[in-house]
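Here are some exercises to work through with the model open beside you. Try each task yourself before reading its solution.

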Amino acid sequence: MAFEGLSSKLQSTFKKLTGKGKLSEKDVKNAMREVRLALLEADVNFKVVRELVKKISERAVGQEIMQSLTPGQQVIKIVNEELTALMGGTYSKINLAPTPPTVIMMVGLQGAGKTTTAGKLGGYFKKEGKSPLLVACDIYRPAAIRQLQVVGQQLSIPVFEMGKDDPVNIAKKAIAHAKDEDYDIVIIDTAGRLHINEELMDELKNIQNAVNPHEILLVVDAMTGQDAVNVAESFNEKLGIDGVVLTKLDGDTRGGAALSVKAVTGKPIKFAGMGEKLTDLEIFHPDRMASRILGMGDVLSLIEKAQANIDAEKAMELEKKLRSQQFTLDDFLEQLQQVKKMGPLSDIIGMIPGLNPSKLAGVDLDDRQIVRTEAIIQSMTKEERQNPNIINASRRKRIAKGSGTTIQDVNRLLKSFNEFRKMMKKMSGMEKSIRRGRFKFPF
Amino acid sequence: MDNKKNRKKGFFSRLVEGLDKARKGFTDRVDELIKYYREIDDDFFEELEEILITADVGVNTTMEIVDELREQVKEEKIGDAEKIRNLLKEKIIAILADEDDFEVKTPAVFLVVGVNGVGKTTTIGKLANLYKNQGKSVLMAAGDTFRAAAADQLKIWGERTGVQVISQMEGSDPAAVIFDAVQAARSRNVDVLLCDTAGRLHSKKNLMKELEKINRVLDREYPDAHKEVLLVLDATTGQNAVSQAKLFKETVGVTGIVLTKLDGTAKGGIIIAVKSELDVPIRFIGVGEQVDDLQAFVPEDFVDALFGDDK
């Protein structure tokens, strides 16, 4: 799929852009093209993409570039922030009625997963110590009532049904029944319908008017394409939805529909369906969704790491140490561990701005090398780490034995560490090298 | 439901009606565009791209089609927007068209697969009706033993169409249901056996393995039957449909596609991407909830209806 090439496309875009102080219009335009494609490939609605791109471009032009990022990455960072902001920062709860029962109505297209979600939601409330009642108002689809009954049975939640009676009547009777029997949550399952089918949309409206639900949840298939906007708009206009449940998110879809739905309705996504089992309903985390849609997890994590690791203070400290030759094997070990946290070595190298991944094709990047290096340093005494010069032949032998490596391995590490120190001394400042992306690992 | 009124109408007018809503936005915009742009410039092509993308055709396929179109327009020095529109149509028809006709030799067995909620069971009900009306003897197998009441749903379709259903208890092994159904089809000399399966996300390895097993049972137990593996795709689905088609094709060798829910506002453009990337023919389209709302897929009609040129 198109998507696989995105990282490398971004790299080439970024490559041309390294080392400038502020984001120019051209930087932004180039990066935004890739962002636009990424969002469209993720099924975010075309109009939503256009608006987003416009808004982000305006914000991005003229921004100072973080020292540790390329201009392209800086743009992506802004995109991610905007997406996260649009998706909503924190999760939204279900509105509970001050006096029970709380009435929740499930609506959506055919096959979105309303009945399953109704069951899952019932299970969720049951676990919270509430007593839910499921109501079967889908009188059209063959065996829909039976499906809800089976689901109810599996969860030990009672199901209210009146066969193929009028759905409005069923809903009304169900509420009365819930009041009599002290149920505190009533979940109404409705028939799937096309948003353009006025007759059936009117029926929903009638149910709404009759029972006045505290919460109308629109169930949306996470794999929905461009049409998600029309669906969400129609349901929201007609009924005024309170929230969205995104289903089938356990697949490999990027789920751009989430963004489209949020953008056109402004209503929060409250739950996500994450699997086949009736317990597979999760609270929706908007922040995680943003990076999934953008599909640039690797770039984003690099940006995050760059922000976390190379914050100004730490960099200064490191620089001071390097300059005064106080950089010890301990510091080196710490750096290694930071690197390891970022993922496999080949990935990290691929992420480094300015580096052309295709040129690295022949280079053998061995993650075990890091582990070995770590083991060697960890087999040294504190004193040895502070002052590697004292490591003589017998110490080498001990270190090699302790780390399960050979003396040659230990020698190699010490040699490259010394070279690294020398190299660092020569460099006038760490900052510039980071900005230009000429990071060199001493192994 | 309002669809009932339409039942007496012919195939084509119903296809057109089903596609009417889908078509509207799309053609209005193409027509608007053609009126608006006298000159064929970059903006014109960009707008064409936008139209295809909003129909869920996907960025890649759209770029390919439009780039090719652009090239041709340049080479042949076409300056007429109307002509370019027809060229675009032809290109899409060419992608969607399939060489061989869809012919079902009996005995036949259909394995119907797809992700959750695309309309597999409904499609099987409609297929049963279609082949029964052609005078064939039909049997259905309730291979979805996972979803609550899926077998019941199929049985209701059985009652509607007068076709028998082979089923077992909920939660039983679907491969065993299919095995039983094949034996039944053999002994009853059934022309067409339609096998339902549980909806499964293509990314779930264990569920795809289960499907593989069902497929193996069919191959082993019914080798003399003409086998069709139909993948049901929801027209509302976006780019993920390509991934679905890819993995289902890899697992069970999909031989045809059924595109459902074309009666909404979704344009179903994703099949263009699916066909162009995987070259699996589209066999049927679902344009409504009625039992006879399943039509053979005809690329020309589909594209005509999409562009609003059908009269």
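This is a predicted model: local features need pLDDT of at least 70, side-chain atom pairs count only at pLDDT 80 or more; totals for chains, interfaces and linings use all residues.

Residues are numbered from 1 along each chain as its sequence is written, chains are lettered from A and ligands numbered from 1 in the order in which they are written, and side-chain values use heavy atoms, with hydrogens and water left out.

**Exercise 1. Describe the interface of chain B and chain A.**

Step 1: Begin with contacts (heavy atoms within 4.5 Å). On chain B, 47 residues touch 41 residues of chain A.

Step 2: Turn to buried area, the accessible area (1.4 Å probe) that two parts lose on being put together, summed over both. Between the two chains about 3,700 Å² is buried, and carbon and sulfur atoms give 57% of that.

Step 3: Look for salt bridges (a side-chain nitrogen of Lys or Arg within 4 Å of a carboxyl oxygen of Asp or Glu). Three cross the interface. A:D250 and B:K204 form a salt bridge, with their closest N and O atoms 2.4 Å apart.

Step 4: Ask which helices (DSSP runs of H or I, at least four residues, numbered from the N terminus) take part. Helix 2 (42–54), helix 3 (59–75), helix 6 (150–161) and helix 9 (240–252) of chain B each supply at least two residues to the side that touches chain A. Helix 9 of chain B gives the largest share, six residues.

**Exercise 2. Trace the sheet of chain B and the helices that pack on it.**

Step 1: Find the strands (DSSP runs of E, at least two residues); two of them pair if DSSP finds at least two bridges between them. Eight strands make an open sheet of mixed pairing, in the order 3-2-4-1-5-6-7-8.

Step 2: Locate the edges. Strand 3 (164–166) and strand 8 (294–296) of chain B each pair on one side only.

Step 3: Check one pairing. Strand 1 (108–113) and strand 4 (192–195) of chain B run parallel, joined by four bridges; B:A108 has B:V192 as its bridge partner.

**Exercise 3. Where in chain A do the partners A:E203 and A:R193 sit?**

Step 1: Their side chains meet in a salt bridge, 3.6 Å from N to O.

Step 2: A:E203 is in helix 8 (198–211) of chain A, whereas A:R193 is in the loop between strand 4 (185–190) and helix 8 of chain A. The two residues are 10 residues apart.

Technical notes. Axes are lines fitted to C-alpha atoms, for helices over the stretch in contact, and angles run from 0 to 180 degrees between N-to-C directions.
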